[in-house]
Amino acid sequence: MVGESGRMWGILLYIYTLKVQNQVSEINLIGEFECKLDQKGRVILPANLKKQISPEAKDMFVINRGFENCLVLYPMNEWTNISAEINQLNLYNRKNRNFVRYFYRGATEVTLDASSRILLPKTLMNYAGIGKEVILFAFSNRIEVWAKDKYEQLMTDEPDDFAALAEEVMGKPERKEEIDDVP
């Protein structure tokens, strides 16, 4: 009986180790939320978004600079996974060091208050050009925080042929023999 129990714990430890090493994320946030900041620079996390956040995050987040001048808000448990992956980079490589510096630049821990508000740091708000209105764009394991006007511009600058972009990014190359078999 003890041997079987030890074997089960070993299997569970192995599965846990694989999850941590592979940075498997079980979270899949989704939604677009238009929000207003209060005078102190706080934004209320909408209820529909809050209920998607894992309890493991414990209402704690990390916010930092994102790409295309937006901010990125990570639930703390997801930030831990991403940090673990980044911390495995070889820091003797200059490109890796530069990436790490840029990635962590401005990263700030934030916590939901009793009213489900998050205080956005002023330096990050300036970076993203955020005024009174923001769009929270949730996908995968993160929430992008956009100045409303910049987000609307990004969405109106949709590629002329979204189908071609989808094919390029998501399409799989066809095998030569399949093409040759077509009459």
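Let's start on the surface. F162, L165, V169 and M170 make up a nonpolar patch there, with about 440 Å² of accessible area together. A patch, here, takes residues with over 30% relative accessible area and no salt bridge; nonpolar side chains (Val, Leu, Ile, Met, Phe, Trp, Tyr) are joined within 5 Å, like charges within 9 Å. Areas are Shrake-Rupley with a 1.4 Å probe, and for residues only the protein chains shown count as cover.

Before going on, the ground rules. This is a predicted model: local features need pLDDT of at least 70, side-chain atom pairs count only at pLDDT 80 or more, and totals for chains, interfaces and linings use all residues. Numbering runs from 1 along each chain as its sequence is written, and side-chain values use heavy atoms, with hydrogens and water left out.

F162 sits in helix α7. Helices are DSSP runs (H or I, at least four residues), strands likewise (E, at least two), numbered from the N terminus. Is F162 buried or exposed? Exposed, at a relative accessible area of 51%. The cut-offs: buried is under 20%, exposed is over 50%, partly exposed is in between, with a 1.4 Å probe and protein chains only.

There is also a charged patch. D160, D161, E167 and E168 gather in negative charge on the surface. Asp and Glu count as negative, Lys and Arg as positive; His and the chain ends are not counted. Each charge is placed at NZ of Lys, CZ of Arg, CG of Asp or CD of Glu. E168 belongs to helix α7, residues 162-170. E168 is exposed, with 67% relative accessible area.

Next, salt bridges. The criterion is a side-chain nitrogen of Lys or Arg within 4 Å of a carboxyl oxygen of Asp or Glu. How many salt bridges does that rule give? The count is 6.

Take E34 and K148. Their side chains meet in a salt bridge at 2.8 Å, N to O. E34 lies in strand β1 (residues 29-36) and K148 in helix α6 (residues 148-156), so this pair ties together parts that are 114 residues apart in sequence. The two ends have their own exposure classes. E34 is exposed at 53% relative accessibility. K148 is buried, at 17%.

Now E133 and K36. They form a salt bridge, with the closest N and O atoms 2.9 Å apart. E133 is in strand β7 (residues 133-140) and K36 is in strand β1, so parts 97 residues apart in sequence are tied together. E133 is partly exposed at 29%; K36 is exposed at 59%.

These pairs belong to a network. E34, K36, E133, K148 and E152 are linked by salt bridges.

One more pair. R42 and D38 form a salt bridge, their closest N and O atoms 2.6 Å apart. D38 is partly exposed, with a relative accessible area of 23%.

Last stop: helix α4, residues 94-104. Which residues of α4 are buried? N96, V100 and F103. Viewed down the axis of α4, they fall within an arc of 70°, so they line one face of the helix. That arc uses the directions from the helix axis to the C-beta atoms. The face turned away from the buried side carries exposed residues R94, K95, R101 and Y102.

Finally, S83. S83 is in helix α3, residues 76-86. S83 counts as buried, at 10% relative accessibility.
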